[in-house]
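Please examine the sequence and the model shown here before reading on. The paragraphs that follow lead from one part of the structure to the next.

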Amino acid sequence: MPSPPPGLSERDFQAALRELEGVVGREWLFATDEDVLLYRDGYSPLWGEADERFASAAVAPSSVEQVQGIVKVANQYGLPLYPISTGRNLTYGGAAPAYSGSVVVDLKRMNRILDVSARDKTCLVEPGVSYFDLYRHLRTNKIPLWIDTADPGWGGLMGNALDRGGGYTDIEFRDHFDAHCGMEVVLPTGEVVRTGMGASPQAKTWQLFKYGLGPWVDGIFSQSNFGIVTKMGFWLMEEPQAALQVSVTVPKRRDVVPLVDTLHSLMCAHTVPSQVTVASPLMAGNNPELVRLRGSGGASDADWDRFAANAGGAPFWAATFVYYGPSKVIAAQWEHTKERLAGIAGVGFRETASYKFPLTDEQAEAVADKARYGIPSLNLFGSRTAPNAPPLEGHMDFSPMIPPHGEELIALTDYTGKVYADQGFTPSFVAGMMFHPRTMICFHAVPTFRNAADNARTRKLFETMVRGCTERGWPIYRIHPVFQKLGMEMFGRDNGSLHRLHETLKDAIDPNGIVSPGRYDIWPKRLRGTQA
Amino acid sequence: MKCIAAVALFLTGTAAAQDAPFPIAAWSRTTAAAETQGSPVERGAAVFNNWCSACHSRGPQNAPGTASLQAKYQGSVPAALEDRRDLTPEVVKVFVRNGVAMMAPFRKTEVSDGDLEALAAYLARPR
């Protein structure tokens, strides 16, 4: 039997569970060890250790009214709740709570697509709706709109947006929080709030205009714990006539500077509409000399270019992106892009895929780079490459954000490669991902394990990079719950005034401190200072 | 505002009687087999399509789980779960509820106990 939350007696915990059962029905309250373990973080960096985060129970409502009922019980007993949407945010904590002992509010059953407007190109969904769900709905009903999907298609639109995740299509859609328009929130007091135009009862523009009247509060419900979001509207992309995926390659290490500068300019001018990935085909691989260079922390451009000259012609950098729109416009955009980049000696231009829409099912199935066309999949998953190789067991994403400057990308890869090498990890190459036109996110898939010794090494690596990257001006944009305290410390200027503001809001909005204590290190007054 | 009911399955029951029952399209890979009708095997086939096929279809181009099992077993057993003849209902349930390697466990709000029974019946069905 799972333990009650800290500070709650077994008797009160059992009484609270009985009341929760009354709200959702016996089938949807999970309080046995076997059931509660299904909410374990399968990729936890604390797997099997005393500090691993565990739920005490889980409850799965099917309606806003049931969410309100759960909140009422939680206030009555001081029961900490931890809402999840689809619970598949695997590299950032999965379905496990930030604060051990919380009751997970599993919103997966709230999976209705409440509205899709082909005319207005919007949708309104509940928390349990996955990218697969909405994609299927659009395909089944032949609605010529695209979703913008996160890499794993079983993720939820709402959860990914609230954690400020991203995708690959046009900028208006791939910043998933920015692409939302209007939300409904059950506040910790049980009150229901609709934001933006949704607060005006007869408004016809809830999913069309974000701000409404007065302060725009939507932002406080992302990466936070100020309420349980039960509906969100999103803008959807009109299916384009065509798309062209291209690759631009450059031969030398320092060529990444004009390459990224130019692509940044083209993105800001809306000539390049999609996410841009700047990777190094040359730096990937396990050649011992390559691994040594990656981990050296300071190999010169000349060192790298010498290696490149003997590497069989692999380009040093390759930028991948997609144009969407009428074929004639795409041709002009691509031509302009080539003109702007032609000054880089040795630059190469390649068209890697082109499509006319709509695709048949067979054509959609054959698309290699699905997320760039709003097609959900799980293609990123995969654990084994050889019969005797140890399978990958999990990872956390370490996600520093840098300016869109090639020299910053070089400096970051030099730094993190050396940290990896110094701490006994194989330095992996990291791409610059321009989800936002004005920044690059450089994801590092930091491995997690099912044993404490290896996870201790992982945690040390992770913490070293969080601190080191912050010192260099590259703080992270998102972080696993186990490291959210550390992450918020990195945003601690002015003696932590931003964090204090968060907790001031927490006290006002959630006086009993029941919703997701500790998420993004925002603690309610009753628990403040109790965590190491 | 029009209201659209929760997703309804589009799979037909007759497909499960075939050896290669589902021409899986990417867009059919989705969630929530809650309202499936038909026999346990038919229901299990639908659960497989909803929850497993995005990783474990016959691919392996769009099936990383199949690719991983191919790497692990090197063809000594079929890499695609639907082609295995050695799976028992118990084995299926253990993997779904415990996960393995990168595959995290599936919760009961995703694959209910009833759906899991059906899935196990489908993958372990006599052929």
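A residue is called buried if 20 or more other C-beta atoms lie within 10 Å of its own, exposed if 12 or fewer, and partly exposed in between. The model to which this criterion is applied is a predicted one. In helix α2 of chain B, which spans residues 64–73, the buried residues are Pro64(B), Gly65(B), Thr66(B), Ala67(B), Ser68(B) and Leu69(B). The cover over these buried residues of α2(B) includes α1 of chain B. Just after α2(B), Gln74(B) adopts a positive phi of about 50°.

The largest nonpolar core has 161 residues, and the members that touch the most others are Val59(A), Ile70(A), Val103(A), Leu134(A), Leu259(A) and Leu119(B). Helix α1 (residues 40–56) of chain B supplies the largest share of this core, namely 8 residues. With residues up to four places away in sequence left out, Ile70(A) touches Leu20(A), Val23(A), Val59(A), Pro61(A), Leu81(A) and Val105(A).

The two chains also meet at an interface. There, 48 residues of chain A are in contact with 35 residues of chain B. On the side of chain A that touches chain B, the elements giving two or more residues are β5 (113–117), α4 (131–140) and α11 (361–366) of chain A. The largest share of that side, 7 residues, belongs to α4(A). Sorted by class, the side of chain A that touches chain B holds 20 nonpolar, 14 polar and 14 charged residues.

Chain A itself is divided into four parts: domain 1 (10–108), domain 2 (111–238), domain 3 (242–471) and domain 4 (483–527). The C-alpha centres of domain 1 and domain 3 of chain A are 37 Å apart. Between these two domains of chain A, 10 residues of domain 1 are in contact with 10 residues of domain 3. The side of domain 1 of chain A that touches domain 3 of chain A comprises 5 nonpolar, 4 polar and 1 charged.

Attention now turns to strand pairing. Strands of a sheet pair through backbone hydrogen bonds, either parallel or antiparallel. In chain A, 4 strands form an open sheet in the order β1-β2-β4-β3, with mixed pairing. Its edge strands, β1 (29–30) and β3 (81–84) of chain A, each pair on one side only. Strand β1(A) runs antiparallel to strand β2 (residues 57–59) of chain A, and 2 bridges join them. Within β2(A), Ala58(A) is the bridge partner of Phe30(A).

Another antiparallel pair in chain A consists of β16(A) and strand β20 (residues 444–447), which are linked over 4 bridges. The bridge partner of His395(A) in β20(A) is Pro447(A). Strand β16 (residues 395–398) of chain A has two faces: Met396(A) and Phe398(A) form the covered face, while His395(A) and Asp397(A) form the uncovered one.

Is His405(A) buried, exposed or partly exposed? His405(A) is partly exposed, because 16 other C-beta atoms lie within 10 Å. Although His405(A) and Val260(A) are 145 residues apart along the chain, their C-alpha atoms are separated by 6.1 Å.

Note on methods:
Residues are numbered from 1 along each chain as its sequence is written. Chains are lettered from A and ligands numbered from 1 in the order in which they are written. This is a predicted model: local features need pLDDT of at least 70, side-chain atom pairs count only at pLDDT 80 or more; totals for chains, interfaces and linings use all residues. A nonpolar core is a set of buried Ala, Val, Leu, Ile, Met, Phe, Trp, Tyr and Cys residues joined through C-beta atoms within 7 Å. Two residues are in contact if their C-beta atoms, placed from the backbone, lie within 7 Å. Two strands pair if DSSP finds at least two bridges between them. Ala, Val, Leu, Ile, Met, Phe, Trp, Tyr, Cys and Pro count as nonpolar, Asp, Glu, Lys and Arg as charged, and the others, Gly among them, as polar. Domain bounds come from an automatic or database domain assignment.
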